[in-house]
Amino acid sequence: MRYSIPEEMKKGSLIGNVAQDLGLDLKRLRSGRARIVTGESIQYTELKTDKGILVVNERIDREQLCGDVTPCSFSFEILLENPMELHHVTVEILDVNDHSPKFKKDSINFEISEIASNGARFSLASAEDPDVGVNGLQQYVLTPNDNFVLKQRSGADGKKYAEMVLQKPLDREEHPRMFLKLIAVDGGNPQRSGTVNINITVLDANDNAPVFNQSIYKTTVMENAPRGTYVTTVNASDADLGTNSLITYYFSDFNGGLTDILSVNENTGVIFVTGVIDYEKDKKYELRIEAKDQGGLTDSSTIIIEVIDVNDNAPIINVMSFTSPVSEDSALGTTIGIINVKDLDSGENGQVSCVINQNSPFKIKSNLRNYYTLVTDAVLDRETVSDYNITVVATDAGSPPLSSMRTFHLKISDVNDNVPVFERSVYSAFIGENNSPGANVLTVKAEDPDETQNARISYILEESNIGGSPVSAYVSVNAETGVIHAGRSFDYEQIKQLSFVVKAQDGGSPPLCSNVTVILLIQDQNDNAPQILYPVQSGGSLVAEMVPRSADVGYLVTKVVAVDGDSGQNAWLSYKLQKSTDRALFEVGLQNGEIRTIRQVTDKDVVKQRLTVIVEDNGQPSRSATVNVNVAVADSFPEVLSEFTDFTHDKEYNDNLTFYLVLALAVVSFLFITCVVVIISVKIYRWRQSRLYHSSLPVIPYYPPRYSDTLGSGTLPHVYNYEVCRTMDSRKSDCKFGRAGSQNILIMDPSSTGTMQRLQSEKSILDEPDSPIEVSSHCCGVCNEA
């Protein structure tokens, strides 16, 4: 609906019959609690629901409400409930000629040279009339005279300006001063007018007036620009010389208090901001600037300043309607509230969007411009959330965007419907291995929002199998408290994780239940010492790594290989050289266990070298293992053999030798008869195979583990394999040796006292550098009783 009324109507004056215009019954207005909704601080109208009419509530001044904007109107909404109706009403305020044109000054003073040429223009101050249309300023009238005529023109904004044009030269000697009147007349009925005095002083001898380089200056300024902000610079020139060419700039017309907003430097013509620029108040400034020389001649120009809007107004949220509490079984889309959002900015800065800033079962919809409805968007559950703080955030599209928020407190009324709910969807806990049986692992807890017996929860361990055994063999749960206990001591190396299900059952009839998965992670402890994989330690034979005397610095002798049954940092191994025959000759890699030479091997270095390497893990406390590495520093096997035949057992072996001998004597009686039978059988077998073999007993070779450096650095170019195969009859023992590959390994049995035969005859073959050979020869010796 739209109504038109004149301004300045008395309070209570009739605007229109709303009930009749909307086709509503008076009962509907009362039952729907019809009311006016407006975001303004002043409510100009009042709705009489008993009569269905709209009347004036406050004095309406069109000039105060709209200024020079036309047409002038204000809008509001009439809101009815049950069901909700929203009617938009616009009231247009018609202008009344209640203002006279008025000049800002009582007089205008001019100093004009007597040599001013015909056609010279002199801008006159404009009159202000707050009325609009025909009631506004229509024309200017200049009192009759012989020298000046009045010219009128309109600006881009429709504002009227007046200029005096010299049509007859002045004569200072005849008329040194002139007094005229400028009358501004509006078109109202009755007509109103305003007058200003024009005082003209005739000067002598200045025949060139200033001239602006532009007739119109156009520029822009940002809203809320700080004081002192540069706007533009005007420039005028004067062809005169001396003092007559000195130009002074000043505003000739100040519209709506522009002196508080803009200022001009009278000497430079620089215009700058001196007040607050508000786009919502004035979107454009149009003003006149004058340039006057010392002889009193002037020129004028127009300055048009466009104000650029800045997003300096946050949206305003007004609550039209809100309902609380709401039942938890409310249907989707149930209306909870209605809000109105406004933004005083324009363009994108005034475009507003509303959202709910948290994850909640509500959403906001826009049905009408600037109006939003808050509705339910999911099923409500009072036992989960009994009330909500719904925060609505209104954000504009400015840069940077501004926002405002409004919080609604909504309560949910109850409907009974729930099952027990665990605090977590999955429970997990850590327990160190080697724990004590019955240890408290963790506690599961479920909540039931119901009451009394229906909320009494029992915890039950669901039957399942872990590694073929029932889960109850590993853990148990307290039916009342939900505490889970370990049923046994765990070993990380056997089982690393347990997964089982605990059921929470309430005491209702029938009972309701829910399940939760519990994951028990076994934490490793440093309960395993490192194990040496290479070199292999044996009590009956000695393994020696061979290093030639020509080996350079960094020569790879061998590599200690170890593993740890633990995991993580408990399995991080470090290698250290604990003891060495010559510490200045070898070193061990801390991380890789590689044994390398740290200096050049010399002839003075002893052949027999024994290294003790300790391998430690990174556990707390750490565990370790040691390994003995025998190294032979020699260039030929005879040299090695001569030294290693007297190689004694290490101290640990000697310490345990007594124990081994006693153990051997304990079982020799039991094995004696069996050994005799086996020896006779072997003798017969070897006699039958004597034509094919040099020995009548079987040869059982022993191949020790070998390390090969795959990187191909720091090793000898050949590998020497020496095999000693002993029998009960040392005269028929078999020996063979060969050379091939890239590593020197020597295996000796220190219990043997046999010597090699035919070694010298095969030396020439062994000295060939690149021929892979395998030589077999017979050795004789004395049989060891043990």
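Reply: Two strands are said to pair if DSSP finds at least two bridges between them. Strands (E, at least two residues) and helices (H or I, at least four) are DSSP runs, numbered from the N terminus. The model is predicted, and local features need pLDDT of at least 70, side-chain atom pairs count only at pLDDT 80 or more, and totals for chains, interfaces and linings use all residues. Residues are numbered from 1 along each chain as its sequence is written, and side-chain values use heavy atoms, with hydrogens and water left out.

The sheet in question is open and has three strands in the order β10-β14-β13, with antiparallel pairing. Its edges are β10 (121–123) and β13 (148–154), each of which pairs on one side only. From one strand to the next the twist averages 30°, where axes are lines fitted to C-alpha atoms, for helices over the stretch in contact, and angles run from 0 to 180 degrees between N-to-C directions. Strand β14 (residues 160–166) runs antiparallel to β13 and is joined to it by seven bridges. Within this pair, Arg-153 has Tyr-161 of β14 as its bridge partner.

β50 and β51 form a hairpin with five residues between them, and Gly-593 in the turn has a positive phi of about 75°. In a regular strand the side chains alternate between the two faces of the sheet. Along β51 (residues 594–597), Glu-594 and Arg-596 point one way, Ile-595 and Thr-597 the other, and all are buried; buried means under 20% relative accessible area, exposed over 50%, and partly exposed in between (1.4 Å probe, protein chains only).

Among charged contacts, the structure holds 16 salt bridges, each a side-chain nitrogen of Lys or Arg within 4 Å of a carboxyl oxygen of Asp or Glu. One of them joins Arg-28 to Glu-85, with the closest N and O atoms 3.1 Å apart. This pair links distant parts of the chain, 57 residues apart: Arg-28 is in helix α2 (residues 26–31) and Glu-85 in strand β7 (residues 85–94). Arg-28 counts as buried at 16% relative accessibility, whereas Glu-85 is partly exposed at 24%.
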